[in-house]
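Please open the model in your viewer and keep the selection tool at hand. The tour below goes from one selection to the next and says what is there.

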Amino acid sequence: MLNPQLAPDGRPFNIVTLKNISGTTATLMDWGATWLSLQLPLQDAKPRELLLGCQHPADYLIQRAYLGATLGRYANRIANATIEIDGKPHLLTANQRGNQLHGGPEGFDKRRWQILSHSAQQVSFQLVSADGDQGFPGELTAQVDYALTEDNRLEIRYQASVDKLCPVNLSNHAYFNLDGEGTDARQQTLQLFADQFLPVDSDGIPQDRLVDVANSGMDFRIAKTVAKDFLQDSYQQRVKGYDHAYLLRHSCHHAANPAAHLWSADGRVKMSVFTSAPALQLYSGNFLSGAINRAGGQYPNYSGIALESQFLPDSPNHANWPQRSCWIKPGQIYHSSTAYQFFSL
Ligand code: BGC
């Protein structure tokens, strides 16, 4: 019988907790290089859990919501699971209606990452993905570093190198509910510094053109609750809510400028997101139901909000989009970094 405390490779899950001087903790696991928890002490010193997560490490194996996982080689969707190399179609392993989602059926979220180093406030994970893994060309070595700073930033730094030309898009799929588990996450207030977003069809595959957020429910340039314009337009109706990539303003690429802010409904917690990535995927947990929660029950839909830093979805097939290339050549290093900063108000 499968020991519920062991990972599919028969070895235990390794869990690392980072802690800073104010008592904030961030917990990470080597399986999927997954971010399990973020506990922030509030003004009354009581810690609040701000991330959705499962009760036991083994529960992560049986949920399909990618809770807190590292996504790779290519976060989000690649249409028809096909990229083009030297002018010829190159087939990847599909895992969703003929498309590839989050790196394929055995993406980086379903792998044992090696812990390279860890200390009280930092942990580094490494994964070597073989040539042909999930259909991708070449061997790829990925590294993800998590650091918890004294000012309550969880900094995530991604690096990757390849030995054949390959598209690379690494991200994290944490879901936030700054009010704590058990409330409707759409009551949170969001501000997103993006003037354009990418419409998708009902399979989440992007259409060819970015669209201005102005005059639609997709506009978060002025802070509003996620609930305010929820399902008010056909963009959202196709995918049961927000599940869209926003192209960030150029000003967001300066490390000091946030890409987004999120506030709890009770006004006690704020989170700011900083990223070097061109886009943020806003996902309102439209298909979250069934994932095991921290009490061993199940999350309903819309109980967490994901803000995933990445290239626009299906970028390998859209060289014309206004962002840097997602293709990495041998000798180049892929870099991406994202920080989530938490404030107790
Ligand atoms: C995607 C959703 C998908 C979810 C899986 C998100 O990043 O945008 O369409 O259902 O991941 O949990």
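Predicted model: local features only at pLDDT ≥ 70, side-chain atom pairs only at ≥ 80, totals over all residues.

Begin by selecting the ligand, which sits in the largest pocket. Next, select the residues around the ligand, which are Arg64, Ala65, Tyr66, Arg77, His102, His173, Tyr175, Asp243, Gln281, Tyr283, Phe287 and Glu308. If you colour this shell by residue class, you will find that it divides into 5 nonpolar, 3 polar and 4 charged residues.

Now go through some members of the shell one at a time, starting with alanine 65, where a polar backbone atom is 3.2 Å from an oxygen atom of the ligand. At glutamine 281 the atom to pick is a polar side-chain atom, which lies 3.2 Å from a ligand oxygen. Then move to glutamate 308, where a polar side-chain atom is 3.0 Å from an oxygen atom of the ligand.

For the last stop, select the cysteines, bearing in mind that the structure holds 0 disulfides. Cysteine 166 is in no disulfide, and the nearest cysteine sulfur, which belongs to cysteine 326, is 9.1 Å away. Cysteine 166 counts as buried, because its relative accessibility is 0%. Finally, select cysteine 54, which is also buried, with a relative accessible area of 5%.

Technical notes
Residues numbered from 1 in each chain as written. Heavy atoms only, no water. Near = heavy atom within 4 Å. Polar contact = N/O pair within 3.5 Å; in protein donor to acceptor, adjacent residues only side chain to side chain. 1 Å grid on protein atoms, 1.4 Å probe; cavity = no way out; pocket = protein on both sides within 12 Å on 5 of 7 lines; lining within 4 Å. Sits in = over half its atoms within 2 Å of the grid points. Nonpolar A, V, L, I, M, F, W, Y, C, P; charged D, E, K, R; others polar. Disulfide = S-S within 2.5 Å. Buried < 20%, exposed > 50% of the residue type's maximum accessible area, 1.4 Å probe, protein only.
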